[in-house]
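Here is a friendly walk through one protein chain, from its overall build down to a handful of side chains. Keep the viewer open and follow along.

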Amino acid sequence: MSESSSLLKIHNLKKSYGDLEVLKGISFKIKKGEVVVIIGPSGCGKSTLLRCINGFEKISSGEVFLEDQLISNSQNWTEIRKRIGMVFQSYDLFPHRNILNNLILGPMKVLKEEKAKATKDANELLKRVGLFDKKFMYPRELSGGQKQRVAIARALIMKPEVMLFDEVTASLDPEMVREVLDLLLGLARSGNTMLIVTHEMNFAKAVADKVIFMDQGKIAEVGIAKEFFENPKTKRAQNFLRMFSFEDEKES
C-alpha cells in the first residue's frame, strides 16, 4: 500500500502508564473504504490504541497521520474528531436530551449547522438505524441495543472520514448484540472506513478486509481476513482462534 493511498497511518506508537508499557511500537495503515478489525486477548492494548488514535489518551511516542496530516501532536482535538468518529462501549448519550436532540447537538455546536439541516440529517440517520419512531424518547426509555445504535448514528451525523468502534457490543445482552452488528455490517458494505475492536469472531470474519491480531501490547500478526481466519501464521494466533468456534456466514 502506497503512502498516498493510506487514509490513516500509525507509526511506532507507544503508550506507557508510569513503568507499565501498554503499547510497544504499533504500526499499520488503513486505506479509504477499508474495514480493519483488531482482535486479541483482554488487556493486550486494543482499546488503548483506539483512544490514542482519537486523542483521548496522550501517546508516549510515535506518530498518527490522517492522510498526510500529523495529528498525534494536535492542540485542537475538537477539529480532528470532526474527521475521526468514535463509538464506545458505554453509549455516552446525554440522559436529559431526547434522541433527536442527542443527534443534532454535535452538528449545531461543532459544525455550526442550522437546526433544520441537522434535524433533516438526524431523521435520515434514525431511519437508517431503525429508530425514527423513537426520536422523541429519552435514553432511559431505550434498550441497550437501541442506545448503541443511537450512539452510532450520533457519530455518523458528524460525517467522519474514519470511524473507530471500541467493543460496542461488550455491554449488551446477547439478544441485543445482533442488531448492532447488523448495523455495522451495513456500514462496512456501504464503503465506510472503519477500525473495529471486537471479541465477536463471526462478525469479524464477516466484516473485515484486514485483521490485526494484538498480544501483550504488540501486533503479533496482520493479514487479509479470510487468510487469517483460515490459516493464521503465528502459533499465538492459532491458539487464540482455537478458543472460538466458527459458523460460515454466506451472503444470499
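The radius of gyration used here is taken over C-alpha atoms, and the rule for a globule is 2.2 Å times the number of residues to the power 0.38. Please keep in mind that this is a predicted model.

**Overall build**

For 252 residues, the rule puts a compact globule near 18 Å; the chain has a radius of gyration of 18 Å, which agrees. Along the principal axes, the C-alpha atoms fill a box of roughly 55 × 45 × 35 Å. The chain holds 9 helices and 10 strands. Of its 252 residues, 51% count as buried. The chain exposes about 12,500 Å², and carbon and sulfur atoms supply 47% of that area. Among contacts with a separation of 6 or more, 67% are between residues 24 or more positions apart.

**Aromatic rings**

The structure has 4 aromatic pairs. Ring pairs join F213, F228, F229 and F240 into a cluster.

| Ring pair | Distance between centres | Angle between planes | Arrangement |
|---|---|---|---|
| F213 and F228 | 6.3 Å | 40 degrees | tilted |
| F213 and F240 | 5.2 Å | 45 degrees | tilted |

Why do both count as tilted? Planes under 30 degrees apart would be stacked and planes over 60 degrees apart would be edge-to-face, so what remains is called tilted. The planes of F213 and F228 are at 40 degrees, so that pair is tilted. With planes at 45 degrees, F213 and F240 are tilted as well.

Where do these rings sit along the chain? F213 belongs to strand β9 (residues 210-215) and F228 to helix α8 (residues 225-230), so this pair links distant parts of the chain, 15 residues apart. F240 lies in helix α9 (residues 235-241), so its pairing with F213 in strand β9 ties together parts that are 27 residues apart in sequence. F213 and F228 are both buried, and F240 is buried too.

**Lysines over rings**

The charged end of K9 sits over the ring of F65, 5.4 Å from the ring centre. The charged end of K127 is placed over the ring of F132, at 5.1 Å from its centre.

The buried residues of α4 are A118, T119, D121, A122, N123, L125 and L126. Their cover includes α3 (99-109) and α5 (144-156). After α4 comes G130, with a positive phi near 75 degrees.

Helix α3 is mostly covered, with 8 of its 11 residues buried. These are I99, L100, N102, L103, I104, L105, G106 and P107. What covers them includes α4 and α5, and α3 in turn is part of the cover for the buried residues of α4.

**A buried lysine**

Is K46 buried or exposed? K46 is buried, because its relative accessible area is 7% and the cut-off for buried is under 20%. K46 is placed in helix α1 (residues 46-53). Leaving out residues up to four places away in sequence, K46 touches I38, I39, G40, P41, E167, V197 and M214. K46 and G217 are 171 residues apart in sequence, yet their C-alpha atoms are 8.0 Å apart in space.

N12 has a positive phi, near 50 degrees, and lies in strand β1 (residues 6-17). With 31% relative accessibility, N12 counts as partly exposed. K112 also has a positive phi, near 60 degrees, and is found in the loop between α3 and α4. At 65% relative accessibility, K112 counts as exposed.

Methods
Residues are numbered from 1 along each chain as its sequence is written. This is a predicted model: local features need pLDDT of at least 70, side-chain atom pairs count only at pLDDT 80 or more; totals for chains, interfaces and linings use all residues. Side-chain values use heavy atoms; hydrogens and water are left out. Rings of Phe, Tyr and Trp (its six-membered ring) pair if their centres lie within 6.5 Å; planes under 30 degrees apart count as stacked, over 60 as edge-to-face and the rest as tilted. Helices (H or I, at least four residues) and strands (E, at least two) are DSSP runs, numbered from the N terminus. Buried means under 20% relative accessible area, exposed over 50%, partly exposed in between (1.4 Å probe, protein chains only). A charge sits over a ring if NZ of Lys or CZ of Arg is within 6 Å of the ring centre and within 35 degrees of the ring normal. Contact means heavy atoms within 4.5 Å. Accessible areas come from the Shrake-Rupley method with a 1.4 Å probe; for residues, only the protein chains shown count as cover.
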